[in-house]
Amino acid sequence: MPTQQLDYFTSLVTEDEHFPLTEAAVAVAQHAYPDLDVQGVLDQIDQLASKLRTRISPDTTPIQRLQILKHFFYTELGFGPNPNDFYAPENSYLHQIIENRRGIPISLAIIMMELGQQIGLNIRGVSFPNHFMMRISLQQGEIIMDPLTGDSLSKNQLQEMLDPYLDAKGYRGELSLPLNLFLRASSPREILSRFLRNLKMIYSEDERWERLLGIQERLVILLPESVEEIRDRGLIFAQLEYVRPALADMQRYLSEAPGAEDASEIREHIATLEGQTKLH
């Protein structure tokens, strides 16, 4: 694991006050593309922003700025979903998305939010269940926007999208949760953790353990309080037969969460790994 890249990622995500979301999201790809020039990708985004700024004057209203941004992003540049391979990891790597103009909601939103910020629009991310959204506060009111298309969504449309999630979680009837609870703006750290967890899910399903380890290392750095992420890194180490770090992570998990539901399962893993070390 190239420690230089992990040190760089750590430096980006240590503080919440100055959290460079776009740079951190670009830097995530270094686990798969070790020679990636992060600054070069940021320069490409800045070039798009410069082009966009030529269409804005001081008296362009926020709603006009938003319309100009949407036309530029979706119509001129042609950003949108990848219908042929929605779950390809490339749809989460910003340098690939800038090249191919294809992404998933959260990756497109990160680029859109960066461009918006550079023309004076405060576009924030919303960790809506199963479909990342964007939120823009205008004089006319709050707009919730789909990053795949730029469409504004009504409360009814959002509720329809939310209902299957509420059903699956059992949050219906008396337990029903209000829509607004799911529309709050997410912090950069929350956005990046969702961004990483998308990649975690993709690589887990494909059992690409080395790639998955690169993502998991970053989740442990990003969410230092989460013992579950340390446990998951230990399980990945075990898959890769990195026995010592696997044991260290699993033992730490048990020491910090002795009453965890999966504690007995993790103890079994530890016993198996310790058995393997004795065989060596």
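How much space lies in the largest pocket? About 390 Å³. Keep in mind as you look around that this is a predicted model.

**The largest pocket**

Let's stay with that pocket for a moment. Its lining is made of 23 residues, and the ones nearest its centre are Phe 19, Leu 21, Thr 22, Glu 114 and Gln 117. H6 gives the most, with five residues. What kinds of residue line the largest pocket, sorted by class? There are 11 nonpolar, eight polar and four charged residues.

**The second largest pocket**

Next comes the second largest pocket, with a volume of about 270 Å³. This one is lined by 15 residues, and closest to its centre you'll find Phe 86, Tyr 87, Ile 104, Asn 130 and Asn 198. The elements that give two or more residues to this lining are H6 and H8. H8 provides the largest share here, with four residues. Sorted by class, the lining of the second largest pocket holds 10 nonpolar, four polar and one charged residues.

**How the helices pack**

Now for some helix pairs. Here are three of them, side by side.

| Helix pair | Angle between axes | Axis distance |
|---|---|---|
| H3 and H4 | about 130 degrees | 11 Å |
| H1 and H9 | roughly 35 degrees | within 10 Å |
| H1 and H2 | roughly 160 degrees | within 10 Å |

Take H3 and helix H4 (residues 62–76), which pack at an angle of about 130 degrees. That angle makes H3 oblique to H4. H3 passes H4 in a right-handed crossing. Which residues make the contact? From H3 they are Leu 48, Lys 51 and Leu 52, and from H4 they are Ile 68, Leu 69 and Phe 72. Five residues of this contact are nonpolar, none is polar and one is charged.

The crossing of H1 and H9 is right-handed. On the H1 side you'll see Gln 5, Leu 6, Phe 9, Thr 10 and Val 13, and these meet Glu 217, Arg 218, Ile 221 and Leu 222 in H9. By class, that contact divides into five nonpolar, two polar and two charged residues.

Are H1 and H2 roughly parallel or roughly antiparallel to each other? At that angle they are roughly antiparallel, since angles over 145 degrees count that way. The crossing of H1 and H2 is left-handed. In H1 the contact is made by Tyr 8, Phe 9, Leu 12 and Val 13, while H2 brings in Glu 23, Ala 24, Ala 27 and Val 28. This contact has seven nonpolar residues, no polar ones and one charged.

Some names turn up in more than one place. Phe 9 and Val 13 of H1 are in the contact with H9, and Phe 9 and Val 13 are also in the contact with H2.

Technical notes
Residues are numbered from 1 along each chain as its sequence is written. This is a predicted model: local features need pLDDT of at least 70, side-chain atom pairs count only at pLDDT 80 or more; totals for chains, interfaces and linings use all residues. Side-chain values use heavy atoms; hydrogens and water are left out. On a 1 Å grid over the protein atoms alone, a cavity is a set of points where a 1.4 Å probe fits but cannot get out, and a pocket is an open set with protein on both sides within 12 Å along at least five of seven lines; lining residues have an atom within 4 Å of a point. Grid points are joined across faces, edges and corners, and a volume is the space filled by probe spheres set on the points. Ala, Val, Leu, Ile, Met, Phe, Trp, Tyr, Cys and Pro count as nonpolar, Asp, Glu, Lys and Arg as charged, and the others, Gly among them, as polar. Axes are lines fitted to C-alpha atoms, for helices over the stretch in contact, and angles run from 0 to 180 degrees between N-to-C directions. Angles under 35 degrees count as roughly parallel, over 145 as roughly antiparallel, 65 to 115 as roughly perpendicular and the rest as oblique. A crossing is left-handed if the near helix is turned anticlockwise from the far one by less than a right angle, and right-handed if clockwise. Contact means heavy atoms within 4.5 Å.
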